[in-house]
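Please view the sequence and the structure first.

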Amino acid sequence: MNQAQKKRSLSGIRSSGNVHIGNYLGMIKPALEYQKDYDCLYFIADLHALTTLRDKELMHQYSMDLVATWLALGLDVNAHTFYRQSDVPFVTEYAWYLSCFTNISFLEKAHAYKDARANNKELNHGVLAYPILMAADIVMYDVDIVPVGKDQKQHVEMARDFAGTVNAALGQDVIKLPEPVIREEVMTIPGLDGRKMSKSYNNEIPLFCPEKQLRKKIMSIKTDSTDMEAPKELDGTLIGDIFKFFGQEQQYTDLKSRLAAGGMGWGHAKEELFQVINDYLKDARSEYDKLRQDEAHLISVLDDGARKATEIAVGPLNRLRSALGFKEVEL
Ligand code: TRP
């Protein structure tokens, strides 16, 4: 099958912090699996990051971290497209078109907006318009599926709604409606304190940090103070839940029965958890460390991606432009 006949998968991740294992399990890993059967477009959502991050050095650093991360994990940038959102500025134009068809009250229903409001976070217009830009990200590429973590599901549903509204208003199917896809088994990844793993809770396990730091993070998981000798139940604990994502089933049942037999402390269980995570990540981490040193290469990957992404976007953009009575753009 050539790329043109393939269905398209698109997803993005904000460059607003360090990549953590919640990002990996919830989004990056499933997204990478679509490489086999889909034409994939994955990108760095730096325009979205700007709603909260205005430090240009950090923005650059997080963006470079993301390119190196995706490459180290096996994204094939020759067969697929990896780009930086701000390198394809047509998306802000597309977002404007969607804006003019979308009622504000609809945007006020977004969970992320409501959270920001409830927690007295800065409410700039970007926070309110966030789902519009995200919808433009998606529909400007005639996307079929959008692999996202559970927290982004509402945003993808909103993208469908915005697109449907425009189609209805124009009386034609100008915009293709995307589907969110969420892996049930990785719906919510718990963080170090048991709440959802998130930058905003400061409870993340970084994906590629030095081994020592990874161990320290794992060791900081809070456990009950049952004494060392007492038998312990692994099921339903945070250590057990995280272990399941990285260890084989056999390793899990083995650890479970040793804990149940007594004489083993939670500290030992955490050490084993560290080992399985570290074994899982170490090859990709050394690849990451190598890639991360060559920013010129990372930037050339992005430049290439921006060219490919622009070529794809111009078709859907022109469809909407001409439906609205605007002149088509030429590349
Ligand atoms: N909002 C997403 C997040 O915070 C990032 C994102 C931006 C995105 N545009 C997108 C995800 C389009 C999927 C599709 O993680």
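The sections below cover the model, the domains, the interface, the ligand and the salt bridges.

## About the model

This is a predicted model, in which local features need pLDDT of at least 70, side-chain atom pairs count only at pLDDT 80 or more, and totals for chains, interfaces and linings use all residues. Residues are numbered from 1 along each chain as its sequence is written, and side-chain values use heavy atoms, with hydrogens and water left out.

## Two domains

The protein chain has a domain 1, made of 3–189 + 294–324, and a domain 2, made of 208–289. These bounds come from an automatic or database domain assignment. Taken over C-alpha atoms, the centres of domain 1 and domain 2 are 34 Å apart.

## The interface between them

Contact (heavy atoms within 4.5 Å) involves 12 residues of domain 1 and eight residues of domain 2. The two domains bury about 860 Å² between them, with 77% of it on carbon and sulfur atoms. Buried area is the accessible area (1.4 Å probe) that two parts lose on being put together, summed over both. Of the area that domain 1 buries against domain 2, 44% comes from Ile-21, Leu-25 and Ala-72, more than from any other three residues.

Between domain 1 and domain 2 there are zero salt bridges. A salt bridge is a side-chain nitrogen of Lys or Arg within 4 Å of a carboxyl oxygen of Asp or Glu.

## Around the ligand

The ligand is surrounded by 14 residues, each with a heavy atom within 4 Å of it. The closest are Arg-14, His-48, Tyr-130, Asp-137 and Gln-152.

A polar side-chain atom of Arg-14 is 3.1 Å from an oxygen atom of the ligand. For Tyr-130, a polar side-chain atom is 2.7 Å from a nitrogen atom of the ligand. An N or O atom in the side chain of Gln-152 is 2.9 Å from a nitrogen atom of the ligand.

## Salt bridges

Side chains of opposite charge can pair when their charged atoms come close. The structure holds 21 salt bridges. One of them joins the side chains of Arg-292 and Asp-65 (2.6 Å, N to O). Arg-292 lies in helix α12 (residues 266–292) and Asp-65 in helix α3, so this pair ties together parts that are 227 residues apart in sequence. Helices are DSSP runs (H or I, at least four residues), numbered from the N terminus.

Note on methods: A polar contact is a pair of N or O atoms within 3.5 Å; within protein, one must be able to donate a hydrogen and the other to accept it, and residues adjacent in sequence count only if both atoms are side-chain atoms. Helices (H or I, at least four residues) and strands (E, at least two) are DSSP runs, numbered from the N terminus.
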